[in-house]
Amino acid sequence: MEETDTTMVPQNTSGETSQNEAFIKVKGKSRKRRHAQDDNSKESRMETSETAVKRPHFAPISGEKLMGGRSELRKIPVPANRYTPLKENWLKIFTPIVENLNLQVRFNLKTRNVEIKTCKETSDIGALQKAADFVKAFTLGFEVEDALALVRLDDLYLESFQIQDVKPLKGDHLARAIGRIAGKNGKTKFTIENVTKSRIVLADSKIHILGSFQNIKVARTAICNLILGSPPSKVYGNMRAVAARSAERF
């Protein structure tokens, strides 16, 4: 059944209506047509939504093309006290960089730097940064096995700071702060490493921490409390509480 719409035309003052001034019937759209148009619009919306979900697929690009065909170079300076360890452990450092990361490495005797360079076989663009962090961690005093974790894992970081950054200490006060961090026969340092699952190197007044972001935060807080004068027993208690909370989360 069709709907009709009527419009009314005003009469003349004489009361008579002309042919043009009579009631005019206007045909409206049928309900069937409206429903059909609504269904078509819904189907078109569904089609557009389905096509929007599809994502383009791109083939993986090689590291050589990503770097534009240019080779990158990193230089890591080696301090004098690490020459002998570097010479003794050179094969352990050389092997993972060349075989696993597909990089070129050499030790420049003139500038006394470890130079790492990319080549055509380098497939990972982040390999150069991993190798540089690995060599830098070794030059700071970490063992090769501990520093090698930077190459194997992606969530490990290296952080360094000085005791003077926490509190300006000099003379005997600085020596006592270093003694509180190390503990008797290194007991305090080993305890912090075992609880926080990190590695710590004490090089005079500099402190280097290797580990994940959360573990570095806990170890740094414990070391700062020791520098500020907190007794080791209190620091142990705080670390155990933090370690227990983190274990419950995971």
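Visitor: Hi! What should I know before I start?

Guide: Residues are numbered from 1 along each chain as its sequence is written, and side-chain values use heavy atoms, with hydrogens and water left out. The model is predicted, so local features need pLDDT of at least 70 and side-chain atom pairs count only at pLDDT 80 or more, while totals for chains, interfaces and linings use all residues.

Visitor: Great. In what order do the three strands of the open sheet run?

Guide: The order is S6-S8-S7, with antiparallel pairing. Strands here are DSSP runs of E with at least two residues, helices are runs of H or I with at least four, and both are numbered from the N terminus. Two strands pair if DSSP finds at least two bridges between them.

Visitor: And which strands stand at the edges?

Guide: Strand S6 (157-162) and S7 do; each has a single partner strand, so one side of each is left without a neighbour in the sheet. On average, neighbouring strands of this sheet are turned by 15° against each other, direction ignored. Axes for such angles are lines fitted to C-alpha atoms, for helices over the stretch in contact, and angles run from 0 to 180 degrees between N-to-C directions.

Visitor: How many bridges join S6 to S8?

Guide: Six, and the two strands run antiparallel. Tyr157 has Gly211 in S8 as its bridge partner, and Glu159 stands opposite Ile209 in S8.

Visitor: What about S7 and S8?

Guide: S7 and S8 pair over five bridges, again in the antiparallel sense. S7 and S8 form a hairpin with two residues between them, and Asp204 in the turn has a positive phi of about 60°.

Visitor: Is S8 mostly covered or uncovered?

Guide: Mostly covered, with five of its six residues buried. Buried means under 20% relative accessible area, exposed means over 50%, and partly exposed is in between (1.4 Å probe, protein chains only).

Visitor: Which helix lies across S6, S7 and S8?

Guide: That's H11, running at about 155° to S8. H11 has 15 residues and reaches 21 Å from its first C-alpha to its last, close to the 21 Å expected at 1.5 Å a residue. The expected span is 1.5 Å times one less than the number of residues.

Visitor: Which residues of H11 are buried?

Guide: They are Ile216, Val218, Ala219, Ala222, Ile223, Cys224, Leu226 and Ile227. Just after H11, Gly229 takes a positive phi of about 110°.

Visitor: Switching to H9: which of its residues are buried?

Guide: In helix H9 (residues 172-182), the buried ones are Leu174, Ala177 and Ile181. They cover an arc of only 60° around the axis, which puts them on the same side of H9. That arc is taken from the directions from the helix axis to the C-beta atoms.

Visitor: What covers them?

Guide: The cover includes helix H8 (163-166), helix H10 (187-196), strand S7 (199-203), strand S8 (206-211) and helix H11 (213-227). Contact here means heavy atoms within 4.5 Å. Just after H9, Gly183 takes a positive phi of about 80°.

Visitor: Now charges. How many salt bridges does the count come to?

Guide: Six, where a salt bridge is a side-chain nitrogen of Lys or Arg within 4 Å of a carboxyl oxygen of Asp or Glu. Among them is Arg220 with Glu159, the closest N and O atoms being 2.9 Å apart. Arg220 lies in helix H11 and Glu159 in strand S6, so the pair ties together parts that are 61 residues apart in sequence. Arg220 is partly exposed at 27% relative accessible area, and Glu159 is partly exposed too, at 26%.

Visitor: What about Arg106?

Guide: Arg106 and Glu115 meet in a salt bridge through their side chains (2.7 Å, N to O). Arg106 is partly exposed at 49% relative accessibility, whereas Glu115 is buried at 7%.

Visitor: Which residue does Lys189 meet in a salt bridge?

Guide: Glu193, at 3.3 Å from N to O. Lys189 and Glu193 are four residues apart in helix H10, so about one helical turn separates them. Lys189 is buried at 17% relative accessible area, and Glu193 is buried at 8%.

Visitor: Nice. What else is Glu193 in contact with?

Guide: Leaving aside its neighbours within four places in sequence, Glu193 is in contact with Ser198, Arg199 and Ile200.
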